[in-house]
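Subject: Structure handover and notes

Hello,

Here is the structure for your files. Please open it alongside this message, as the notes refer to residues by name and number.

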Amino acid sequence: MTSDPLLQPFQLKHLTLKNRLMITSHEPAYPENGLPTDRYRAYHAERARGGVALTMTAGSAVVSRDSPPAFNNILAYRDEVVPHMKALTDACHEHGCAVMIQLTHLGWRTRWDRGDWLPSLAPGHAREPAHRAYPKKMEDWDIARIIEDYADAAERMQAAGLDGIELEAYGHLMDAFWSPKLNQLDGPFGASDHDSRLRFTMEVLTAIRARVGERFIVGIRYVADEDKPGGITREDGIEITRRLKSCGMVDFLNIIRGYVATDAALTDVIPVQGMRSSPHLDFAGEIRAEAQIPTFHAAKIQDVATARHAIASGKLDMVGMTRAHIAEPHIVAKIMRGEEDRIRPCVGANYCLDRIYQGGMALCLHNPATGRETEQPHEIEKVDTHRRVVIIGAGPAGLEAARVSAERGHEVIVYEAANDPGGQVRLTAQTDRRKEMLQLIQWRFEECTRMGVAFHFNAFADDRTVLAEDPDVVIVATGGLPQVEVPGGGEELVVSSWDILSGDTQPGADVLIYDEAGDFAALQAAEKIAATGAKVEIMTRDRSFAPEVMGMPLTPAMRELQKCDVRFTVTWKLAAVEREGNALLATIDSDYGGVTRHRHVDQVVVNHGTLPLDDLYFDLRPGSSNLGEVDYEALIEGRTQELRRNDGGTYQLYRIGDAVASRNTHAAIYDALRLCKAL
């Protein structure tokens, strides 16, 4: 038997968990009509196949109709959820993986204008900043009804064959009762003592136990310290912990520290790229020592070494590696095979959560098969017929194309004009907070090297270079170059955000950054410029700045920028730039019309995205068998590309990533995966 602490079984009541790794509750926003259908099931089943001991489905499956989904949550109040949850559970049980679900009433953390347009609820009228809802102050009949809704939902999950449930009490309805600031009720649920503030929780637990019995596992994921003025204190958390233990109705605790009512606060609870790893692990260990009942926790525990320490040191009984499993569903399997160094690392980009808040489904910047398990493979199948694949460009698109092609068994040759692989990722990693992005490149390069991919660096490949390799397939992944066009003229006077980040251009003292792309590059350029003490204005024609950067990744950037002389201007756009003595005169106007203004600055930085670097592609088109054309139906359906438009062509030609159009890293990697998996 292995001595690895992570691979030791854990006994939770009657349930034996085969190792110490779990996926904590989270909502990837895959449901259809509020139900966890094929995509949802396949996502969890893949991670079960990868060896995780426990997968916790549904961050915030809602128990009541007046708790409308904030982001496509599972509707646990519907009877129709039972067969879908049973199918998911059975699929995971086939791999020895336990399944639980998190149940909640969102309370104030949603909007009234969703679902059935019922008022949001809370034990007070305080508005939740993140969702902008002013809740109804609960009445006694609301409380009684919702207690029964919890019990009904728990009974449905037991009927579906789940191993247990977890109640959520951080930022939602349940813990709002605990809060001295939020609970404004009179009477038995609203007095200042802990008995009154915990009464709703205890009545929910009592109602659930009356339905599901003593054997069914019931836990709670709760805030044990909000770490804010007027909030639930650490002392409150210790007392709540004692009461949860002594009530005898709770089988495990899942520890949260912080609060989630603002983007910045949520980011401290769920840290992102560039923030400290496992910031609340020691606190969770203190709670475990106090509680002496099974204790779980997750918060940026993205590497196996930290997870192993959490178990070996006795801080946790089960360690959550949720975003890590979004990036790499086979963590346990790779540990067991002695391939820990081959685990695809979570780079903390938070594209998974960002996509949810943008109204889409969770996707991984690093792993385009996540969330697409019914369409895209996590493990690439070998092919019998080996081909010679030449790839130009070793950015994320080119490296993924090389990795997947090599996994298929093809001979792969990569040309890269720069000294090192990485492309734009290497540029974005110039900012200290974004250095984790390099792991995205390093992992692919190491995988390619292991499989014998031939790399040529400092090698500018033209059409003659490519044709000399006698390729069967050519993939152009040359990326793009910054777009700096100014509508009214003056682009020769501006610089790009790339120029600033690369160090090719030194920052000015009074700088206007005009951001059309709305991505990280403008923010990073602003940070670098502002750090010199310069005065900076970030301007966008949009109604909000950096719309492609969601609230959580935006938080660390704002914490830096707000320390400096930086202002943000929305709904204005750069019209023209001209020289005025030793300075620049920037003319700005608005899409709303009728107004023109000027800015006197000494530097204008433009962030317009990229234009494809596609000369090589067009040089190679005439000699290709497909003339560069892609069969989109075949691409989407995962079939081999078989188009033939030129009988004299000797190779297939494709381009991917920013060599096609300015998009993002995920799009570039996804292009490569779905093209090359079928080569």
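Predicted model: local features only at pLDDT ≥ 70, side-chain atom pairs only at ≥ 80, totals over all residues.

Residues are numbered from 1 along each chain as its sequence is written, and side-chain values use heavy atoms, with hydrogens and water left out.

Rings

The structure holds 13 aromatic pairs. Rings of Phe, Tyr and Trp (its six-membered ring) pair if their centres lie within 6.5 Å; planes under 30 degrees apart count as stacked, over 60 as edge-to-face and the rest as tilted. One of the pairs is Tyr30 with Tyr40, which is edge-to-face, at 6.3 Å centre to centre and 80 degrees between the planes. Tyr30 lies in the loop between β3 (21-23) and α1 (38-49) and Tyr40 in helix α1, so this pair ties together parts that are 10 residues apart in sequence. Helices (H or I, at least four residues) and strands (E, at least two) are DSSP runs, numbered from the N terminus. Tyr30 is buried, with a relative accessible area of 4%, and Tyr40 is buried as well, at 0%. Buried means under 20% relative accessible area, exposed over 50%, and partly exposed in between (1.4 Å probe, protein chains only).

Phe545 and Phe568 make a stacked pair, with 4.4 Å centre to centre and 20 degrees between the planes. Phe545 is in the loop between β20 (535-540) and α20 (551-561) and Phe568 is in strand β21 (residues 566-570), so the pair ties together parts that are 23 residues apart in sequence. Phe568 counts as partly exposed, at 26% relative accessibility.

Tyr150, Phe177, Phe189 and Phe200 are linked into a cluster by ring pairs.

Two charges also sit over rings (NZ of Lys or CZ of Arg within 6 Å of the ring centre and within 35 degrees of the ring normal). Lys228 lies over the face of Tyr259, 4.3 Å from the ring centre. The charged end of Arg674 is over the ring of Tyr670, at 4.2 Å from its centre.

Nonpolar cores

A nonpolar core is a set of buried Ala, Val, Leu, Ile, Met, Phe, Trp, Tyr and Cys residues joined through side-chain atoms within 4.5 Å. The largest has 148 residues, and those with the most contacts inside it are Leu103, Phe200 and Tyr222. Helix α3 (residues 140-159) supplies the largest share of this core, eight residues. Leu103 touches Tyr150, Ala153, Ala154 and Met157, among others, not counting residues up to four places away in sequence; contact means heavy atoms within 4.5 Å. A second, separate core of 22 residues includes Ala526, Ala546, Ala557 and Leu561.

Sheets

Five strands form an open sheet with parallel pairing, in the order β15-β14-β13-β16-β27. Two strands pair if DSSP finds at least two bridges between them. At the edges are β15 (454-456) and β27 (652-655), each of which pairs on one side only. Strand β14 (residues 411-415) pairs with β15 over three bridges, and the bridge partner of Ile413 in β15 is Ala454.

Another open sheet has three antiparallel strands in the order β22-β23-β24. β22 (573-580) and β24 (596-601) each have a single partner strand, so one side of each is left without a neighbour in the sheet. Strand β23 (residues 583-589) is joined to β24 by six bridges, and Leu584 stands opposite Val601 in β24.

Strand β9 (residues 217-225) runs parallel to β10, with six bridges between them. Asp225 has Arg257 in β10 as its bridge partner. Five of the six residues of β10 (residues 252-257) are buried.

Two single residues

Thr306 is in helix α10 (residues 304-312) and is buried, with a relative accessible area of 18%. Leaving aside residues up to four places away in sequence, Thr306 touches Ser278, Leu281 and Ile301.

Gly649 is in the loop between α22 (632-637) and β27, and is buried at 9% relative accessible area. With the sequence neighbours up to four places away left out, Gly649 touches Gly623, Ser624, Ser625 and Arg644. Gly649 and Val223 are 426 residues apart in sequence and 64 Å apart in space, C-alpha to C-alpha.

Regards
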